[in-house]
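Please read the following points with the sequence and the coordinates side by side.

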Amino acid sequence: MDLDSLNYFLEASKDLHFTKTAERLYISQQTLSNHIKRLETELGVLLFERRPKISLTFAGECLHTFAEDVMKKQVNLRDMIQDIQNQEGGFIRFGVSIARADTFLPKVLPDFIRRYPKVEVRVTNGIATRLEEMLASGELDLVVALAGEPRNSLIAKILLDDPVYLCVSDRLLKEHCEDAELFKEKALNGVEAKDISALPLCMYSNRLGDQLFKCFEETGVMISPVLTATYTRPCLSLCDQGLSASFSTQSNLANQICDLSEDINIFPFHYRGEPLSQRLVLLRNRERYLSSYLKFFMELIFSFFENLERLNLIRKI
């Protein structure tokens, strides 16, 4: 059975649209159809239903499972041979969100490239659920994401319980608090939703936003955000201008704190008396062979987050 034909079949089964698949792979539709037909002739079954729309037959679903397993083994074999030959060439397929990639990839990649200049790092951005699907199917080697319920085929290693902070300027506190100095003294030990009901706030339309809204709802505090965004930078920009308070995780804040004005206070945000945080994990497929360069890439990521965890970002102006 031809590996190219298996690979083309897998790609076609993702799109279920031969024209789209052919364009994506930079081959002609006829070439793609020939590979599919070759497999169908060899196996003596139809792999796709062509009408009313393209879909996998039961035989096609069986071949899809088999082909995924073959391709994973092919990648593992390639990496094992490269390790044996000590060529140290290849690639890492790495999945992470755009915002999260900005926090650590610029710090990790220089050391990795110096050690393995012939290894290409291919970054795929996306939401965690999609990246985990790609990891499970063998399309990615590693994923950094918020912890959830990983599939049985995946191994999750904790990188960081990423604490959430409230960022607020002195200007804003003096405008909205009766006693700004007393507020700051208490906030050094943690601030909760009920303590900041008078402040204009930026919020998020993501998992952090869901956590924050839950904190306010349980406290009975109704808020009307001045801005709702999917990532930190625009919120911290308004905070920096004294127009609102904002929230940020340690990983995001450490990357942007140098851009903040000197009058920005940073306090730990608590929920039910405990620090609110988000758990970041490094995910990999348990069937994936760990090449020397993949291990080194993982070590660099773990080292970055270990150092990040030691940072004390709390500050009172």
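1. Helix 2 (residues 18-25) packs on helix 3 (residues 29-43) with the two axes 8 Å apart and at an angle of about 110°; helices here are DSSP runs of H or I with at least four residues, strands are runs of E with at least two, and both are numbered from the N terminus. Axes are lines fitted to C-alpha atoms, for helices over the stretch in contact, and the angles between N-to-C directions run from 0 to 180 degrees. The angle makes helix 2 roughly perpendicular to helix 3, in a scheme where 65 to 115 degrees is roughly perpendicular, under 35 roughly parallel, over 145 roughly antiparallel and the rest oblique. The contact (heavy atoms within 4.5 Å) is made by F18, T19, T21 and A22 on the side of helix 2, and by Q29, L32, S33 and I36 on the side of helix 3. These residues divide into four nonpolar, four polar and no charged, where Ala, Val, Leu, Ile, Met, Phe, Trp, Tyr, Cys and Pro count as nonpolar, Asp, Glu, Lys and Arg as charged, and the others, Gly among them, as polar.

2. The model is predicted, so that local features need pLDDT of at least 70 and side-chain atom pairs count only at pLDDT 80 or more, while totals for chains, interfaces and linings use all residues. Residues are numbered from 1 along each chain as its sequence is written, and side-chain values use heavy atoms, with hydrogens and water left out.

3. Helix 3 also packs with helix 1, at an angle of about 110° and with the axes 9 Å apart, which makes helix 1 roughly perpendicular to helix 3. Here D4, S5, L6, Y8, F9 and A12 of helix 1 meet L32, H35, I36, R38 and L39 of helix 3, and by class this contact has seven nonpolar, two polar and two charged residues.

4. The axes of helix 5 (residues 98-115) and helix 12 (residues 292-310) come within 10 Å and cross at roughly 140°, which makes helix 5 oblique to helix 12. The crossing is right-handed, a term for a near helix turned clockwise from the far one by less than a right angle, with anticlockwise giving left-handed. From helix 5, T103, F104, L105, K107, V108, L109, D111, F112 and R115 meet Y293, F296, F297, L300, I301, F304 and F305 of helix 12, and this contact has twelve nonpolar, one polar and three charged residues.

5. Which residues have the most contacts inside the largest nonpolar core? They are I196, F247 and F269, in a core of 30 residues; such a core is a set of buried Ala, Val, Leu, Ile, Met, Phe, Trp, Tyr and Cys residues joined through side-chain atoms within 4.5 Å, and buried means under 20% relative accessible area, exposed over 50% and partly exposed in between, with a 1.4 Å probe and protein chains only. The elements that give two or more residues to this core are strand 6 (154-169), helix 7 (170-176), helix 8 (180-187), strand 7 (202-204) and helix 9 (207-219), and the largest share, four residues, comes from helix 9. A second, separate core of 27 residues includes I92, V96, V108 and F296.

6. Leaving aside neighbours within four places in sequence, the contacts of F247 include V164, L166, I196, L212, F216 and F269. T249 lies in strand 9 (residues 246-249) and is buried, with a relative accessible area of 3%; beyond residues up to four places away in sequence, T249 touches D162, P163, V164, Y165, L208 and Q278.

7. L46, in the loop between helix 3 and strand 1 (48-49), is exposed, with a relative accessible area of 52%. With neighbours within four places in sequence left aside, L46 is in contact with E40, T57, A59 and G60.

8. Most residues other than glycine have a negative phi, and most peptide bonds are trans. A cis peptide bond, with omega about 0°, joins R51 and P52, and P52 is found in the loop between strand 1 and strand 2 (55-56). L16, not a glycine, has a positive phi of about 55°; L16 lies in the loop between helix 1 (3-15) and helix 2 and is partly exposed at 33% relative accessibility. R272, also not a glycine, has a positive phi of about 55°, sits in the loop between strand 11 (270-271) and strand 12 (274-275), and is exposed, with a relative accessible area of 63%.
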